[in-house]
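Hi everyone, thanks for having me. Please have a look at the structure on the screen, and then we'll walk through a few spots together.

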Amino acid sequence: MGSSSMETNKVKLENTLGLIRNWLEIPKDVTSNILKLLGAVDLVMNARLVCPMWREICRDPLMWKSIEMINGLHSPHNLEKICMYAVDQGGDHVEEINVEYFVTDDLIRRLAERTSNLRRIRISKCLEISNTVFTIVAKKFSLLEELELSFTSLNHVSLEAIGKNCPLLKTLKFNQPFKGINCGSYKGYKCNKEALAIAKTMPELRHLELWGNKLTNDGLIAILDGCPYLESLDVRMCYNLVIHGNLAKRCFENTRIKYFRYPTEYINGYDNDDDDDFVYEFYCDCRFIGSKGMKRKLTDMNFYKFH
């Protein structure tokens, strides 16, 4: 899910319509497939207003199986209202939602009330979501398989509710930002509450991403013990971790974990929409502890690949 795919879809749509002398002559099912290339904002604000046929197509719940609204920091539209409209139209047919910036407790409640088949949720850079509401609605997301809650104000309370109510969850991304921190002088506090919530309630996880978390070695060990099926683990910017000795062996020699991202690895290419208040990219290797042989092994075995 990303902005580049949306731009590609728009180009495909423009090229397709350019080949048609009269787009009203296009069969309805073909028109439907073409309109699916548009994003939610374009469908709500433009496409459904073109003509009665397009309006009818946009009312089809199957048009809203996937709702994507990203890169809208400077949008002139009321994005939350548009998203609520999309959720209402899709209802139980909505399986995936990918949103940034505008989500509040009201939209979370609407998702829980109107949908029952959500498989994938990505919510990023939204600070107006409360643990109180998320813990209440988590039981409505029982079919969830992939979840990202990045750069929000949610904490271990929400994670515990998710773990208890989403038994099918396989992928979790719970990333937090750091602002202006120099790794070598970082004096941040330590907290394993979120790590323990994950370890105790999400035994079926395959993929875990925890940027900027305050967990310590004890928290990481708890995750490795509690999530035995992990295939990828990303703990970049988790500077309380000191990975060496037996812990290093568990992370790097575990035959099941195929991709491991080290705390001091550089984060690049994630943030491309001018929102520096949320993500700060930097690189530091001052906390690398371990033999030269271990460091060379990491490079040779290409552990830095993570998808």
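Let's begin with a word we'll need: a residue is called buried when its relative accessible area is under 20%. Keep in mind, too, that this is a predicted model.

C166 has a relative accessible area of 4%, so C166 is buried. C227 comes out at 2% relative accessibility, so C227 is buried as well. And how many disulfides does a search of the whole structure find? The search finds zero.

Next, a helix. Please find α11, which covers residues 245-252. Which residues are buried there? They are L247, A248, C251 and F252. If you look down the axis of α11, these buried residues fall within an arc of 115°, so they line one face of the helix.

My last stop is S153, in the loop between β4 (146-150) and α8 (156-165). Is S153 buried, partly exposed or exposed? Its relative accessibility is 38%, so S153 counts as partly exposed.

Who does S153 meet? Leaving aside residues up to four places away in sequence, S153 touches C126, L127, I129 and N131. Two of these partners come with distances for you to check on screen. The side chain of S153 reaches the backbone oxygen of I129 at 3.1 Å, and a polar atom of that side chain lies 3.5 Å from the backbone oxygen of L127. Also, take E128: it is 25 residues from S153 along the chain, and the two C-alpha atoms are separated by 7.5 Å.

That's my tour, thank you!

Notes. Residues numbered from 1 in each chain as written. Predicted model: local features only at pLDDT ≥ 70, side-chain atom pairs only at ≥ 80, totals over all residues. Heavy atoms only, no water. Helix = DSSP H or I, 4+ residues; strand = E, 2+ residues; numbered from the N terminus. Buried < 20%, exposed > 50% of the residue type's maximum accessible area, 1.4 Å probe, protein only. Contact = heavy atoms within 4.5 Å. Polar contact = N/O pair within 3.5 Å; in protein donor to acceptor, adjacent residues only side chain to side chain. Arc of directions from axis to C-beta. Disulfide = S-S within 2.5 Å.
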